[in-house]
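Hello,

Here is the structure I promised to pass on. My notes follow below it.

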Amino acid sequence: MRRWRGWWRDLVLASQQNPPRLVESVMLVLAVILCAAWFVLQSWQLLFLWLSCIIGAIASILVREFMAPSPQTRQIRLAAIFSLALLLSLTSFYFDRAFHVHSVFPSFNTLSL
C-alpha cells in the first residue's frame, strides 16, 4: 500500500509542477494502449483514435516548446516534427495499401454479367 501512496504522491506533484507534461504523458500512454488494441483487433476506429492521441500529444509538445522554451528546445522540436512526419507518411502508406487492395477486388454487386 505504501508503494501506491508514493506513486500517487509523485503523480500529484508532477501535475502541480508541470501540468502540460502530465497531459502529454497520459495521451502517450493512452496511445500505446490503443496501438496494442489495434494490433489485436485491426479495427480502423482504433487506428483513428490512436492517431488522434499521437497527433494531439505532438501538437501539445510543440505548443509547449514554443510558449516556454526549454534548454533542449531545438532537439525536442526536431524530434516532434520528425515523429509527426514519420507518423503521417506511414499512415498514408497504410491507407494507400488498404484502399488499393479493396479496389483490386471489386465486389460482386458492381460486376456486370
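Glutamate 65 is buried, at a relative accessible area of 0% (buried means under 20%, with a 1.4 Å probe and protein chains only). Arginine 64 also counts as buried, at 15% relative accessibility. Glutamate 24 is buried too.

Before the rest, some ground rules. This is a predicted model, so local features need pLDDT of at least 70 and side-chain atom pairs pLDDT 80 or more, while totals for chains, interfaces and linings use all residues. Residues are numbered from 1 along each chain, and side-chain values use heavy atoms, without hydrogens and water.

There are 2 salt bridges (a side-chain nitrogen of Lys or Arg within 4 Å of a carboxyl oxygen of Asp or Glu). Arginine 64 pairs with glutamate 24 at 3.0 Å, N to O. That pair links distant parts of the chain: glutamate 24 sits in helix H2 and arginine 64 in helix H3, 40 residues apart (helices are DSSP runs of H or I, at least four residues, numbered from the N terminus). Arginine 64 also bridges to glutamate 65, with the closest N and O atoms 3.1 Å apart.

**The largest pocket**

Helix H2 (19–41), helix H3 (44–67) and helix H4 (73–104) each supply at least two residues of the largest pocket's lining. H4 gives the most, with 6 residues. The lining has 10 nonpolar residues, 1 polar and no charged ones (Cys, Trp and Tyr are among those that count as nonpolar). Lining residues include Trp38, Trp50 and Tyr94 (they have an atom within 4 Å of a point on a 1 Å grid, where a pocket is an open set of points that a 1.4 Å probe fits, with protein on both sides within 12 Å along at least five of seven lines).

Key:
Buried < 20%, exposed > 50% of the residue type's maximum accessible area, 1.4 Å probe, protein only.
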